[in-house]
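Try each task before reading its solution.

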Amino acid sequence: MTGELVELAKRRGFFFQSSEAYGGVSGFYVYGPQGAALKRNIEDSWRDRFQVQEGHREIEAPTVMPEPVFEASGHLDTFDDMLVECPECGESHRADHLIEDNTDIEDAEAMPLSEVGDLIAEYDLHCPSCETPLAGEPVEDFNLMFETDIGPGSGHPGYLRPETAQGIFVEFPRLKEYARNQLPFGITQIGTAYRNEISPRKSIIRVREFTQAELEHFIDPETDEPPLHRVEDVEVTLYSAVEQNDDDGDYLRTTIGEAVEEGIIASDWVAYYLGVGQEWYERIGVDMDRFRFRQHLAGERAHYASDCWDAEAEIDGDWIEITGYAYRSDYDLSKHDKYSDEDFTIFRQYDEPKVVERATVDPDMSYLGPEFGGAAADIAEALQTLAERDRTAFDGDVVTVEADGDTYAIPVEKTGFSVEEVKESGEHIVPHVVEPSIGIGRVLYTVLDHAYDTDEIEGETRTRLSLDPEIAPTTVGVFPLMDKDGMGETARDIAAELRSHGLDVVYDDSGNIGRRYRRQDEVGTPFCVTVDYEGLEDDTVTLRERDSTEQVRVAVDDLPNLIADLRSG
Ligand code: ATP
């Protein structure tokens, strides 16, 4: 079916490979007029559910960010896929995909490089392009970020962001000000992310430039709780992380509430967003019989995640990840707090002041002597940080600290280390983050695939996309039975009137009326309005519904409200 859908997508302007005039480039796609409208509607629907209904706010950050951001976030070191190169044709392949595509093994991504290399040899895997054996070829890490130079010269390397999330995390010091230093609060962003995928494939499912819709919900892990009661009855299909290599897998049909109670979903916050997500996928037309949540295995989790679930949709017998739900804990904000000069913490006010023990060192280290030069102040700062984090470091005669890239051994007695009781009104904490991260292109492909259908009408096969009216690229097709005797003008006026009510309308007067219905069925237009002779007499039109093909006669004046109501369900 993928072939038919991709052909339809190309022919009817949903999506197609970019720069085809110059031979095309793998992993880059254009959304045509239908696709761009569908994508925008999916984004609007996502924005409504994950942002507006939850009371979160949206930002728009740059797609290029400087190198230190990705040093701190861990992407420079660990955002890698496994690459094996064919010695004959030079084509690069994702080593874990080669294994997963050609064996029963499903989690090669979680394996170490050496094991993956051994499996390629053991299963005698060949290059998919030229059939050369790949046994013995080195398997290497390949970093997925696109690098660029910011400004002339190479002094300021930058990277195209591999996820929109970092654009939110890095701005946390300003965003917390906006939130008046109060947790919890959520920030969303819909924007482009870039990954230099080793082998882009499955049309828009694995590409090098794609749109993510991400929510970063900042919480105090000790005091903030999600409104679980709102989703506790939502039914979900969970796919067992433990048994997933069995032939049939291990499915559990349960509710969010029960899954939390049984400890199957570890984080209440992740559970909450799985429930919100479930309702949303259903709302936009993902087939719930071809949808599941799958928990990551420990080795499969991203470098930042402590509990992670994927929303997966079935497409042509394969399960495709369409959303990642991650409990990112304080990973990102702690890193940026440490690597930057800004404060990524929030002050947690106690209900009542508390008496606490505070470890301090003498802030003035000038008496350390000239051998420490200008480093004295940095050493004092490092010692203070160490005192707060680990007082046992001061148990011996000498304490060792790193300051300004050097290591210093300082006699403890010289540090002025002391522990005293003080009254505190609160403390600085690094917020935790829960993140639903949606790939808009994959969701779009899923709703198209799940909406694609053929049936028979009046002895002819028709292709239809039974897209939900909320996201269908066009809401109404308006046709005159024929463009004569005033029917054309009336139909064009009706189209203009419907557009003025914010509806997406297409006017069509070419070909017989059956053909025009088929054309709209094929791109998923849920309603068609036809002006005929009878309607000219009594100001009525026929309104046809796509899936049932049923037609009713309605007054022209009622049309805008009627269609708007039908669209919003
Ligand atoms: P995969 O394992 O398929 O490479 P991932 O686990 O790396 O995906 P995340 O980092 O969790 O993906 O990204 C969040 C979402 O972004 C994914 O659920 C997916 O919908 C989307 N996404 C990630 N990589 C791509 C890509 N190369 N092309 C299209 N969408 C993508």
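The exercises below use a predicted model.

**Exercise 1.** Describe how helix α1 and helix α14 pack.

Solution. 
1. Start with the general rule: two packed helices are described by the angle between their axes and the distance between the axes.
2. Locate the helices. Helix α1 covers residues 2-11, and helix α14 covers residues 440-451.
3. Read the geometry. The angle is about 110 degrees, and the axes are 11 Å apart.
4. Classify the angle. Values of 65 to 115 degrees count as roughly perpendicular, so α1 is roughly perpendicular to α14.
5. List the contact. Helix α1 supplies Thr 2, Leu 5 and Val 6, while α14 supplies Tyr 445, Leu 448 and Asp 449.
6. Sort these residues by class: four are nonpolar, one is polar and one is charged.

**Exercise 2.** Classify two of the aromatic pairs, Trp 46 with Phe 50 and Phe 479 with Tyr 517.

Solution. 
1. Note the total: the structure holds 17 aromatic pairs.
2. Take Trp 46 and Phe 50. Their centres lie 5.4 Å apart, with 15 degrees between the planes. Planes under 30 degrees apart count as stacked, so this pair is stacked.
3. Check burial. Trp 46 has 0% relative accessibility and counts as buried. Phe 50 is buried too, also at 0%.
4. Take Phe 479 and Tyr 517. This pair is tilted, at 5.7 Å centre to centre and 55 degrees between the planes.
5. Phe 479 is in strand β24 and Tyr 517 in helix α16, 38 residues apart. Both are buried.

Definitions and conventions
Residues are numbered from 1 along each chain as its sequence is written. This is a predicted model: local features need pLDDT of at least 70, side-chain atom pairs count only at pLDDT 80 or more; totals for chains, interfaces and linings use all residues. Side-chain values use heavy atoms; hydrogens and water are left out. Axes are lines fitted to C-alpha atoms, for helices over the stretch in contact, and angles run from 0 to 180 degrees between N-to-C directions. Helices (H or I, at least four residues) and strands (E, at least two) are DSSP runs, numbered from the N terminus. Angles under 35 degrees count as roughly parallel, over 145 as roughly antiparallel, 65 to 115 as roughly perpendicular and the rest as oblique. Contact means heavy atoms within 4.5 Å. Ala, Val, Leu, Ile, Met, Phe, Trp, Tyr, Cys and Pro count as nonpolar, Asp, Glu, Lys and Arg as charged, and the others, Gly among them, as polar. Rings of Phe, Tyr and Trp (its six-membered ring) pair if their centres lie within 6.5 Å; planes under 30 degrees apart count as stacked, over 60 as edge-to-face and the rest as tilted. Buried means under 20% relative accessible area, exposed over 50%, partly exposed in between (1.4 Å probe, protein chains only).
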